[in-house]
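Please look over the sequence and the model shown here before reading on. The questions that come after it are meant to be worked through slowly, one at a time.

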Amino acid sequence: MSDVSLRPIYEASGGPSTGAAARDIRETFTRWPLWMMMSWQDIKQRYRGSVLGPFWLTLSMGVMIVAMGFVYSHLLKTAADDYFPFLTLGLLQWSLLATLMQEACVTFINSAPYIKQIRMPYTTHVMRTISRNLIIYAHNFVIYIIVAVIFGIWPGIYLWLLLPGFALLFVNAFWIITFLGMICARFRDIVPIINSLVQVVFFVTPVIWSPALLQGHGWLVEINPFYHMLELIRQPLFGHAPESLSYIYMSATAVAGSIGTFLMFRRFRARIAYWV
Amino acid sequence: MSTLASLKDVTVHFPIYIMGSRSIKRHMLDITTGGMISQGKNKVVVIEALSHLTLDLQEGDRVGVIGHNGAGKTTLLRILSGVYEPSFGHISIYGRTAALFDLAMGMEAEATGDENIILRGLFNGMTLDEIKSYAPSIAEFSGLGDYLQMPLRTYSSGMTLRLAFAIATCRQPEIILLDEWISTLDEEFLGKVKSKLKEMAEKSKVLVMASHQMDLLTSLCNKAMFMQHGKLVAFGPINDILKEYMPHKA
């Protein structure tokens, strides 16, 4: 060894490594064009040959909102003027949360061809999933603008509250996708479990019904993290401030989840290539 | 002489999951019942793909890796490229590495040739500016001309490979890793690749390639390592190793 003083370009050792785990995350963010390009290609590939492109999803969500809006506003005895904006914002946020959860499970599994062929940070695949879903969300956002114009909603200054809302959404999504992605790569039967869990959560979370209907049983939604995540983005778009409880709850899950997931990532990161 | 790659006691354990071992349900049953219910059905068989490998690659080493299928040749290349990390031991790489494995991996059929140049370049760790500066020379070497504005799905497999190869080799690396794929190429393209590879290999500091094609190995390599069951059996000048271990291959 004549060059011991030289720093290696790459090195790896068996066992957990805090440095390697931190490097993985840091490198993902310095190499941002990589996952941006990958997620754009995902979108393009999914909608090749269709004129509307990703707006197909937007259109189908629009149809769903119109159809459900008429039926459920009667069912829940709510004025249509109040219900349509509520439903629109609920479904808009929910579809983002639900697809993030479902795609979290297959984030590493579906990236197996990359993971087995070329060295790149593992969290690149996490960012690919997040940015792909945010691009789709941006398309769906058109529905909100249409509904806001029709029903005369102007959130004004409250739009600024989207910044902390999306920041908390991002941090929570980042650890959940890393966490679920790893667990699901190792234990393949968790994928269908999560998928059915997401279905259940949809019905117990105030997405299409107002929490006010629970009348005195408010704790049923207050303990639900998905409710708070919805509120952090839904309320500002209505022109209201979310409750401080929602900020506290989501900040707590962001901190606890990130720490827990980092410890797990530190321990098992290098095993992902062998699992997928 | 300087060391470009250093492996110390590198061991790779491959878990092979059979039957219920990928099931969380079975794991829970095991924990709660002390393994009484599902005993023996969720074994994870561990294969030692590389076993306590210690190796220094010096500047000027052009190493052909030989051995039977399953001897650990591909795993060694994957470890050197950083795709797999060792289960035990330590590896240090002191040079920019080009891993020429599955070259067309990650190329998008719907994207144009130009877009694929950017995509593959990003995969290889280049920045956007770097890729843009290399793009003209990639276009020239690929010889695809106006086809670069067309989607990749309109290319023949030979054209795709030509583009992939041009991207992978646009920047002179210090360490080149080559996998078996080279033996799947057609004669005409192989001729072109061979001269380019030879040129690159001569400019690079270290070359490691796995192949069953002895004429290719002898034309590019000066050293060889013989592997068996994940262990390094012998490492030395290629002619000595081939003389000693060729009977194993037949």
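What follows is a set of questions and answers about this predicted model.

Residues are numbered from 1 along each chain as its sequence is written, while chains are lettered from A and ligands numbered from 1 in the order in which they are written. Since the model is predicted, local features need pLDDT of at least 70 and side-chain atom pairs count only at pLDDT 80 or more, whereas totals for chains, interfaces and linings use all residues.

Q: Which element of chain B has the highest mean pLDDT?
A: The predictor's confidence in each residue is given as pLDDT, from 0 to 100, and for chain B its mean is 85, with 89% of the residues at 70 or more. Where pLDDT is low, the predicted coordinates should not be read in detail. Among the elements of chain B, helix H1 (residues 24-33) has the lowest mean, 74, and the highest, 94, belongs to strand E4 (residues 88-93) of chain B.

Q: What percentage of the residues in chain A are buried?
A: A residue is called buried if 20 or more other C-beta atoms lie within 10 Å of its own, exposed if 12 or fewer, and partly exposed in between, with the C-beta atoms placed from the backbone. The C-alpha atoms of chain A fill a box of roughly 80 × 45 × 40 Å along the principal axes. Of the 276 residues in chain A, the buried part is 33%.

Q: Which residue of E4(B) stands opposite Ala12(A)?
A: E1(A) and E4(B) pair in the antiparallel sense over 4 bridges. In this pairing, the residue of E4(B) opposite Ala12(A) is Ile91(B).

Q: Which element gives the largest share of the side of chain A that touches chain B?
A: Two residues are in contact if their C-beta atoms, placed from the backbone, lie within 7 Å, and the contact between the chains takes 32 residues from chain A and 39 residues from chain B. On the chain A side, the elements that give two or more residues are E1, H2, helix H5 (112-115) and helix H12 (272-275). The largest share, 6 residues, comes from H2(A).

Q: Are H2(A) and H6(A) parallel or oblique to each other?
A: Two packed helices are described by the angle between their axes and the distance between the axes. The axes, which are lines fitted to C-alpha atoms over the stretch in contact, with angles from 0 to 180 degrees between N-to-C directions, come within 8 Å and cross at roughly 50° for helix H2 (residues 32-46) and helix H6 (residues 123-150) of chain A. The contact is made by residues including Trp35(A) and Ser39(A) of H2(A) and Met127(A) and Ser131(A) of H6(A). Angles under 35 degrees count as roughly parallel, over 145 as roughly antiparallel, 65 to 115 as roughly perpendicular and the rest as oblique, so H2(A) and H6(A) are oblique.

Q: Why is E7(B) described as largely enclosed by the rest of the structure?
A: Val206(B), Val208(B) and Ala210(B) point one way from E7(B), while Leu207(B) and Met209(B) point the other way, and all are buried. Strand E3 (residues 62-66) of chain B is joined to E7(B) by 4 bridges and runs parallel to it, and strand E6 (residues 175-178) of chain B is likewise joined to E7(B) by 4 bridges in parallel. E7(B), residues 206-210, is largely enclosed because its buried residues number 5 of the 5.

Q: Which residue with positive phi follows H2(B)?
A: Helix H2 (residues 73-81) of chain B has 8 of its 9 residues buried, so it is largely enclosed by the rest of the structure. Among the buried residues are Leu76(B), Leu77(B) and Ile79(B). The residue that follows H2(B), with a positive phi near 90°, is Gly82(B).

Notes:
Pairing = 2+ DSSP bridges.
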